[in-house]
Amino acid sequence: MSKGRILIIEDNMDNHELIRFFLERDGYDTFLAMTGPEGVQAAIKQLPDLILVDLALPIMDGWDATRAIKADPKTAHIPIVAVTARTMPIDRSRALMAGCDEYIAKPIDFGALLRVVNRLMERVNRADK
Ligand code: MN
C-alpha cells in the first residue's frame with residue numbers, strides 16, 4: 001500500500017531520479033513536473049499529499065510556484081518542502097515566506113529528507129481522519 005502521493009517539481013533529471021528512488025523505496029508514489037507552471041497545474045489536477053519543489057526552475061521559479069499553489073483554495077492545504085541549493089539564510093526565509101512548510105538543502109541528506117516527509121505525512125494522515 002502506498003504511503004502517499006508526492007509531486008516532485010524539479011528540472012534536473014539526476015536530482016529527480018535520486019529523490020524518486022529514496023521516496024519510492026520508502027513506500028511513496030511519486031510524479032514529476034519539470035517547470036513552475038507544470039508543477040502548479042499538476043498540483044491542481046492530481047492533488048498530491050505533499051509537494052517537493054526545487055526553487056530554481058524554468059519559466060516560473062519555485063517561490064512563485066509555491067505562492068500560486070498556496071493561493072489556490074484547492075491546493076492551499078498541501079504541505080510543500082523546498083529542496084534547493086540556494087542555502088543562504090535569505091533563501092530559506094524567502095522560501096518560508098512564500099509558503100513552504102519546510103526547507104531541505106542540496107546536496108540532499110536523504111535521511112533528513114525522509115524524516116521531514118514522514119513527519120509532514122503524519123500530519124496529513126491525522127487531518128484526513
Ligand atoms: Mn533547478
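Tutor: Buried means under 20% relative accessible area, exposed means over 50%, and partly exposed lies in between. The model under discussion is predicted.

Student: What makes F21 partly exposed?

Tutor: The relative accessibility of F21 is 47%.

Student: Why is F22 called buried?

Tutor: F22 has a relative accessibility of 18%. The limit for buried is under 20%, and therefore F22 counts as buried.

Student: Why is the pair of F21 and F22 called edge-to-face?

Tutor: The ring centres of F21 and F22 are 5.3 Å apart, and their planes stand at 90 degrees. Rings pair if their centres lie within 6.5 Å, and planes over 60 degrees apart count as edge-to-face; therefore this pair is edge-to-face.

Student: What makes the pair of F22 and F110 stacked?

Tutor: For F22 and F110 the distance is 4.1 Å centre to centre, with 10 degrees between the planes. Planes under 30 degrees apart count as stacked, so the pair is stacked. F22 lies in helix α1 and F110 in helix α5, so the pair ties together parts that are 88 residues apart in sequence. F110 is buried, at a relative accessible area of 14%. Ring pairs link F21, F22 and F110 into a cluster.

Student: Why is α1 called oblique to α5?

Tutor: The two helices, α1 and α5, pack at an angle of about 60 degrees, and their axes are 11 Å apart. Roughly parallel requires under 35 degrees and roughly perpendicular requires 65 to 115, so α1 is oblique to α5. The crossing of α1 and α5 is right-handed.

Student: How do you know that D11, D54 and A56 are donors of the manganese ion?

Tutor: D11 (OD), D54 (OD) and A56 (O) lie 2.0 to 2.2 Å from the manganese ion. Donors are N, O and S atoms within 2.8 Å of the metal, so these atoms are its protein donors. Along the chain, the donors follow the spacing D-x42-D-x1-A. D11 is in the loop between β1 and α1, and A56 is in the loop between β3 and α3, so the pair ties together parts that are 45 residues apart in sequence.

Student: Why are D11 and A56 called partly exposed?

Tutor: D11 has a relative accessible area of 31%, and A56 has a relative accessibility of 46%. The class lies between 20% and 50%, so D11 is partly exposed and A56 is partly exposed.

Note on methods
Residues are numbered from 1 along each chain as its sequence is written. This is a predicted model: local features need pLDDT of at least 70, side-chain atom pairs count only at pLDDT 80 or more; totals for chains, interfaces and linings use all residues. Side-chain values use heavy atoms; hydrogens and water are left out. Donors are N, O and S atoms within 2.8 Å of the metal (3.2 Å for Na, K and Ca); water is not among the atoms, so sites may look incomplete. Helices (H or I, at least four residues) and strands (E, at least two) are DSSP runs, numbered from the N terminus. Buried means under 20% relative accessible area, exposed over 50%, partly exposed in between (1.4 Å probe, protein chains only). Rings of Phe, Tyr and Trp (its six-membered ring) pair if their centres lie within 6.5 Å; planes under 30 degrees apart count as stacked, over 60 as edge-to-face and the rest as tilted. Axes are lines fitted to C-alpha atoms, for helices over the stretch in contact, and angles run from 0 to 180 degrees between N-to-C directions. Angles under 35 degrees count as roughly parallel, over 145 as roughly antiparallel, 65 to 115 as roughly perpendicular and the rest as oblique. A crossing is left-handed if the near helix is turned anticlockwise from the far one by less than a right angle, and right-handed if clockwise.
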